[in-house]
Amino acid sequence: MRRAAICTLVVGAALALAAFAAESSVGAGSSGQSGTTGTTAGTPALAPAPKIVKDPIPFGADRKEQMRRYSEIHYGIDSYHIVGPHLVIWHYTASATFSSVWNTFAQDVPDVQYHVLPQVCAHFVIDTNGTIYQLVPLNIMCRQVVGLDYTAIGIENVGFSDQQVMGDRAQYHAALELTRWLRCKYGLPVKDVIGHNESLSSPYYIEHVASWRGQTHQDFDHHDMQIVRAAVARLPCS
Ligand SMILES: [Zn+2]
């Protein structure tokens with residue numbers, strides 16, 4: 001049941017364009033992220049975080065409970081809190097604007113592909129001008145990749161192909177800098193910066209629902225992620 005589809009978010013983003021008025025009101029609750037690169041005595045300072053614009057989607061008690069339930073069913077984890085994280089996962093949105101993606105993620109209705117709650121999301125969305133937006137705290141799971149949500153931070157890039165994102169200097173640079181910061185903050189090896197299309201080969205893959213196994217999308221495949229990982233490997237942590 002391999003789909004030719006792109007990201008989970010894609011179709012939803014297109015629908016959102018038509019369906020929702022922009023609701024960029026940001027609630028007060030961008031909690032849960034340390035937001036610092038904090039140093040401890042005796043360890044070298046981490047490279048600073050890139051500029052991140054906080055633009056949180058609503059993620060209240062209902063959505064947290066939906067995420068907890070999803071996590072219990074699909075991962076056997078009775079929590080909506082991220083384990084680790086152990087992965088940074090790259091995506092593209094297959095949509096043209098940040099606002100359409102934000103609106104899709106914010107509207108907590110069953111997703112358009114699997115028709116379950118909570119709605120899909122990603123922790124970060126990078127616009128084509130290189131602006132990095134954070135939508136979800138780093139300690140909360142987002143449904144972004146079947147089999148890996150429990151342990152992955154998701155980065156969505158506004159655009160329609162790996163090549164478009166990697167050919168956009170501002171956006172690609174921002175994505176690399178964000179990846180550097182996350183990788184270093186959590187001490188992740190470069191190999192655990194992966195593309196959505198590489199999800200099935202990750203050793204962290206867990207899917208308890210048999211009919212969901214084998215699902216992936218085409219965004220950021222192995223060939224392109226080899227280029228990304230080589231670039232990430234050249235970015236030191238301190
Ligand atoms: Zn994706």
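**A loop residue and its surroundings**

Student: Where does Val136 lie?

Tutor: Val136 sits in the loop between strand E4 (132-134) and E5. Please keep in mind that this is a predicted model.

Student: Is Val136 buried or exposed, and why?

Tutor: Val136 counts as buried, because it has 24 C-beta neighbours inside 10 Å and the cut-off for a buried residue is 20 or more.

Student: Which residues does Val136 touch?

Tutor: Leaving aside residues up to four places away in sequence, Val136 touches Pro56, Ile57, Phe59, Cys121, His123 and Cys142.

Student: What share of contacts in the protein chain join residues at least 24 apart?

Tutor: Among contacts between residues at least 6 apart in sequence, the share is 77%.

Student: Now the strand after that loop. How many residues of E5 are buried?

Tutor: Six of the six residues of strand E5 (residues 152-157) are buried, so the strand is largely enclosed by the rest of the structure.

Student: Which of them point which way?

Tutor: Ala152, Gly154 and Glu156 point one way from E5, while Ile153, Ile155 and Asn157 point the other way. In a regular strand, side chains alternate between the two faces of the sheet.

Student: In which sense does E5 pair with E2, and with E3?

Tutor: Strand E2 (residues 87-92) pairs with E5 in the parallel sense over six bridges, and Trp90 stands opposite Ile155 in E5. Strand E3 (residues 124-126) also pairs with E5 in the parallel sense, over three bridges. There, Val125 stands opposite Glu156.

Student: What about E3 and E4, parallel or antiparallel?

Tutor: E3 and E4 pair in the antiparallel sense over three bridges. The bridge partner of Ile126 in E4 is Ile132.

Student: What is the order of the strands in the sheet?

Tutor: The six strands form an open sheet in the order E1-E4-E3-E5-E2-E6, with mixed pairing. Its edge strands are E1 (53-54) and E6 (193-195), each of which pairs on one side only.

Student: Let us switch to helices. Which strands does H6 lie across?

Tutor: Helix H6 (residues 222-233) lies across E2 and E6, and runs at about 160° to E6.

Student: And H3, how many of its residues are buried?

Tutor: Eight of the nine residues of helix H3 (residues 98-106) are buried, so H3 is largely enclosed by the rest of the structure. Among them are Phe98, Trp102 and Phe105.

Student: What span should H5 have?

Tutor: Helix H5 (residues 169-186) has 18 residues, and at 1.5 Å a residue it should span 26 Å. The C-alpha atoms at its ends are 26 Å apart, which agrees.

Student: Which residues of H5 are buried?

Tutor: The buried residues of H5 include Gln171, Ala174, Leu178, Trp181 and Leu182. An α-helix has 3.6 residues a turn, so residues three or four places apart point the same way.

Student: What comes just after H5?

Tutor: Gly187 follows, and it takes a positive phi of about 65°.

Student: Finally, how many helices and strands does the protein chain have?

Tutor: The protein chain has six helices and six strands, following the pattern α-β-α-β-α-β-β-β-α-α-β-α along the sequence. Of its 238 residues, 42% are buried.

Methods. Residues are numbered from 1 along each chain as its sequence is written. This is a predicted model: local features need pLDDT of at least 70, side-chain atom pairs count only at pLDDT 80 or more; totals for chains, interfaces and linings use all residues. A residue is buried if 20 or more other C-beta atoms lie within 10 Å of its own, exposed if 12 or fewer, and partly exposed in between; C-beta atoms are placed from the backbone. Helices (H or I, at least four residues) and strands (E, at least two) are DSSP runs, numbered from the N terminus. The expected span of a helix is 1.5 Å times one less than its number of residues. Two strands pair if DSSP finds at least two bridges between them. Two residues are in contact if their C-beta atoms, placed from the backbone, lie within 7 Å. Axes are lines fitted to C-alpha atoms, for helices over the stretch in contact, and angles run from 0 to 180 degrees between N-to-C directions.
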